[in-house]
Amino acid sequence: MNAFKTLDSENPVDLARWHELERIMSDAMKNDYFKMVYQPLLSLGTGQLVGFESLIRCQSPRFGIVGPDEFIPHVEQSGMILELGDWIFEQSLSDLKQMLNFGMTGITVSLNISPVQILNGNIFSRVMHLLDKHQIPPSAIKIELTETALIHSPEKIEKVFENFHKEGVKVWLDDFGTGYASLGLLRQFNIDGLKIDRSFVNGIATNNEDFTLCSAIIAMAQRLGLETVAEGIEENEQLQILEQLGCDIAQGYLIDKPQSLARNVAKWAK
Ligand code: C2E
Ligand code: CA
Ligand code: CA
């Protein structure tokens, strides 16, 4: 039996690939084949940069590039996400400190967290410790957790969110609209914002249902006092529709792909 509390295996996986991932991940961990990249977030109201989402990458000379969509579920299952998650926070916060030092004041960095980190690790005190170590105000980071993760151990998650709130760290619900969480959870969890899933943004200009879903999510969020972020914007038309609907923040390849710290500093620091 695995000692870690993990998520139910929701998707059938290719067993051979799953075992191969075990080798790839331990090899990557030993040899530092992970790196962080950052994707800009723009205010739709002002057009200004408001922050970045921090995203992990894995590239090994032997196994090539492996995407986080594939390896994050694996490290969640094996428990390695605890060690890797610590590394992600350390790297992201030390990079954020550099951005602030380069004069990019007023920005925030959003950290993706796994529910396994909440269930097994002392995520709140680890993050607070790192903020202190790097002398970063808590309001300069945001936490992203997927909607689906909320249904695993809601009491524990509620408590962790509450702790972050008290310190001024905002929480965004990721991939909103794709999971099974009920709308009632939005009230229970003191959420600050919703990230509208890419799959809805994708069809916003061409598919009536996607348009209706996006406009309903934005209208609901406004009534509840929540911020909205649209992810996966690839076309100007999508951006314009989202702006008209009153969406607050935009993210997607149209603005930029996730890039290294150096590329982002060169592009955005004034
Ligand atoms: P996510 O949190 O929903 O991240 C957004 C994903 O959409 C990223 O994929 C990003 O590169 C991609 N994306 C952004 N704009 C566009 C666009 O315009 N078009 C398209 N086609 N894609 C776009 P990525 O980096 O491959 O990450 C996939 C997922 O892996 C993330 O989804 C997140 O669930 C997980 N992940 C990534 N980094 C981390 C991490 O540091 N920690 C944890 N726990 N999970 C992570
Ligand atoms: Ca995210
Ligand atoms: Ca997302």
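These legends describe close-up views of a predicted model.

Residue numbers start from 1 along each chain as its sequence is written, and chains are lettered from A and ligands numbered from 1 in the order in which they are written. Local features need pLDDT of at least 70, side-chain atom pairs count only at pLDDT 80 or more, totals for chains, interfaces and linings use all residues, and side-chain values use heavy atoms, with hydrogens and water left out.

**View 1. The residues around ligand 1.**
The shell around ligand 1 holds 23 residues. Arg57, Asp174, Arg198, Glu234 and Tyr253 come nearest. A residue is near a molecule or strand if one of its heavy atoms lies within 4 Å of it. By class, the shell has 10 nonpolar, five polar and eight charged residues. Here Ala, Val, Leu, Ile, Met, Phe, Trp, Tyr, Cys and Pro count as nonpolar, Asp, Glu, Lys and Arg as charged, and the others, Gly among them, as polar.

**View 2. Polar contacts and cover of ligand 1.**
A polar contact is a pair of N or O atoms within 3.5 Å; within protein, one must be able to donate a hydrogen and the other to accept it, and residues adjacent in sequence count only if both atoms are side-chain atoms. An N or O atom in the side chain of glutamine 39 is 3.0 Å from a nitrogen atom of ligand 1. Glutamate 53 places a polar side-chain atom 3.2 Å from an oxygen atom of the ligand. Tyrosine 253 uses its backbone: a polar atom there is 2.8 Å from an oxygen atom of ligand 1. Taken alone, ligand 1 exposes 800 Å², and the protein buries 87% of that. Accessible areas come from the Shrake-Rupley method with a 1.4 Å probe; for residues, only the protein chains shown count as cover. Two or more shell residues come from each of β1 (34-43), β2 (49-60), α2 (68-78) and β6 (170-176). The largest share, four residues, comes from β2. Helices (H or I, at least four residues) and strands (E, at least two) are DSSP runs, numbered from the N terminus.

**View 3. The calcium ion (ligand 2).**
Which protein atoms are donors of this ion? They are Glu53 (OE), Asn112 (OD1), Glu144 (OE) and Asp174 (OD), lying 2.2 to 2.3 Å from the calcium ion. Donors are N, O and S atoms within 2.8 Å of the metal (3.2 Å for Na, K and Ca); water is not among the atoms, so sites may look incomplete. Along the chain the donor residues are spaced E-x58-N-x31-E-x29-D. Glutamate 53 lies in strand β2 and aspartate 174 in strand β6, so the pair ties together parts that are 121 residues apart in sequence. Both glutamate 53 and aspartate 174 are buried. Buried means under 20% relative accessible area, exposed over 50%, partly exposed in between (1.4 Å probe, protein chains only).

Asp174 (OD), Asp175 (OD), Glu231 (OE) and Glu231 (OE) are the protein donors, 2.2 to 2.5 Å from the ion. Their spacing along the chain is D-D-x55-E. Aspartate 174 coordinates both this calcium ion and the calcium ion (ligand 2), and the two ions are 4.1 Å apart. The relative accessible area of aspartate 174 is 7%. Aspartate 175 is partly exposed, at 25%. Aspartate 175 belongs to strand β6. Its phi is positive, near 55°, in a residue other than glycine.

**View 4. Glutamate 231 and its contacts.**
Glutamate 231 sits in the loop between β8 (227-230) and α10 (236-245). This residue is buried, with a relative accessible area of 10%. Leaving out residues up to four places away in sequence, glutamate 231 touches Asp174, Asp175, Lys195, Ile196, Asp197, Arg198, Val201 and Gln251. Contact means heavy atoms within 4.5 Å.

**View 5. Helix α2 and its cover.**
Phe71, His74, Val75 and Glu76 of α2 are buried. Their cover includes α1 (15-31), β1, β2, β3 (64-66), α3 (81-101) and α4 (115-120). Glycine 79 follows α2, with a positive phi near 95°.

Alanine 181 lies in the loop between β6 and α7. At 15% relative accessibility, alanine 181 counts as buried. It touches Glu147 and Ile151, not counting residues up to four places away in sequence. Asparagine 190 is in the loop between α7 (184-188) and β7 (193-196). This residue is partly exposed, with a relative accessible area of 46%. Asparagine 190 is not a glycine, yet its phi is positive, about 55°.
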